[in-house]
Amino acid sequence: MSVFEDKDSTAKERKADHIKLAFESQLNEQALDQRFYYEPALTGIPDSNTDLSKYFLNHRFEIPMWISSMTGGTERAKKINENLARACHDYGMGMGLGSCRSLLTSNEFFEDFNVRKWMPGRPLYANLGIAQLAQLIDGNKLHLAEKLVEDLEANGLIIHINPLQEYLQPEGDMYTAKPVEMLEQLLDKTRLSVIVKEVGQGFGPESIRQLMQLPIAALDFGASGGTNFALLELLRAEASKKEQLLPLAQLGHSAGEMISFVNELPHPMACSQIIISGGIQNFLDGFYLMNKSKVPAIYAQASGFLKHALEGYDQLCIYIENQIAGLRAAQAFLKIKD
Ligand SMILES: Cc1cc2nc3c(=O)[nH]c(=O)nc-3n(C[C@H](O)[C@H](O)[C@H](O)COP(=O)(O)O)c2cc1C
């Protein structure tokens with residue numbers, strides 16, 4: 001008699017699969033992810049008790065993920081935002097709303113953004129562009145930014161700085177003051193918790209230094225490498241503009257490069273938290289860059305979440321659960337190479 005009970009009822013089927021799939025599962029050396037050491041001798045198998053939580057933006061995040069600002073004011077936006085907000089609640093994340101600019105002048109699209117009911121107690125930030133901030137400052141109307149945050153029951157306000165996009169967008173907005181100076185005014189004149197982000201080109205070292213000297217709640221990279229709004233605007237433009245101004249879409253900084261810029265600063269800075277975003281393809285990118293960062297960090301995706309939020313809530317959950325499974329494996333098995 002055996003010393004233990006063998007409950008391996010699928011063994012026969014599994015062994016047959018192994019033989020069938022062995023030749024399909026060849027991977028060459030170029031496909032190896034060179035960022036990590038894999039250390040299987042030092043850990044057991046991670047389970048659902050693996051702690052992935054982080055304290056960030058005065059909240060406990062169950063997983064270190066943020067949903068980057070996206071949509072509003074289109075037909076599908078309400079359902080997308082509802083799906084994203086429900087996921088924040090169910091998985092203990094936070095999110096930024098897409099630009100709430102339209103709400104400064106009309107309540108027509110308010111319900112698209114009105115997601116607090118789906119994510120009670122989770123970090124939620126409203127969103128305006130730097131061009132709208134310029135207008136609010138010029139018109140002495142910063143109280144409207146406070147009202148926006150209050151109406152949406154948000155925890156604060158994200159300001160996106162996107163000059164290259166505005167420059168390439170036929171209907172783009174103008175502003176002449178320096179964004180850091182406008183942000184100083186916002187921080188001086190309101191009590192809003194403020195996050196500052198780019199939209200897919202990232203920030204250079206001097207911008208990062210000056211932004212992190214401000215008492216903002218977090219810097220959100222919006223780095224280059226994923227959704228690229230300069231390119232997106234060129235794709236909307238006429239053929240000659242698209243072709244001839246294309247080099248502008250190739251400007252910017254990757255999230256990895258931006259981590260190096262942040263790490264070189266003399267910490268602590270007034271801003272002590274970062275959201276690593278822009279071109280984050282998966283949990284391994286997030287895990288790697290969070291570990292590289294010298295300041296507390298979570299990571300974020302926009303298009304990655306959007307793709308699955310469009311397919312419905314169940315697909316979004318499957319996606320997030322696979323990200324969690326990947327993060328657990330990364331935490332258990334991997335060490336970062338220097
Ligand atoms: C459909 C879509 C709409 C977006 N709208 C906004 C916006 O209104 N405000 C903003 O700050 N960023 C906006 N973004 C930029 C994202 O927040 C993010 O910075 C950028 O997409 C890079 O992240 P990714 O590479 O994970 O997509 C949008 C992105 C997408 C894909």
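How many bridges join strand β6 (residues 124–129) to β7?

Reply: Happy to walk through it. The model is predicted, so local features need pLDDT of at least 70 and side-chain atom pairs count only at pLDDT 80 or more, while totals for chains, interfaces and linings use all residues. Residues are numbered from 1 along each chain as its sequence is written.

To your question: 5 bridges join β6 to β7, and the two strands run parallel. Strands (E, at least two residues) and helices (H or I, at least four) are DSSP runs numbered from the N terminus, and two strands pair if DSSP finds at least two bridges between them. One of the links is between Tyr125 and its bridge partner in β7, Gly156. β7 also pairs with strand β8 (residues 194–197), again parallel, through 4 bridges. There, Leu157 has Val194 in β8 as its bridge partner.

How enclosed is β7, then? In strand β7 (residues 156–160), 5 of the 5 residues are buried, so the strand is largely enclosed by the rest of the structure. Here a residue is buried if 20 or more other C-beta atoms lie within 10 Å of its own, exposed if 12 or fewer, and partly exposed in between, with C-beta atoms placed from the backbone.

The strand's residues also turn up in the packing. The largest nonpolar core has 80 residues, and Leu157, Ile159 and Val194 are among those with the most contacts inside it, as are Ala126, Ile276 and Ile298. Such a core is a set of buried Ala, Val, Leu, Ile, Met, Phe, Trp, Tyr and Cys residues joined through C-beta atoms within 7 Å. Ile159 shows the packing in detail: beyond its neighbours within four places in sequence, its contacts are Leu128, Ile130, Leu133, Leu183, Val194 and Val196. A contact means two C-beta atoms, placed from the backbone, within 7 Å. There is also a second, separate core of 7 residues, including Leu164, Val199, Ala230 and Leu234.

The protein has 15 helices and 12 strands. Its radius of gyration is 22 Å, close to the 20 Å that the globule rule gives for 338 residues, so the protein is as compact as a globular protein of that length. The radius is taken over C-alpha atoms, and the rule is 2.2 Å times the number of residues to the power 0.38. Buried residues make up 40% of the 338. Among contacts with a separation of 6 or more, 77% link residues 24 or more positions apart.
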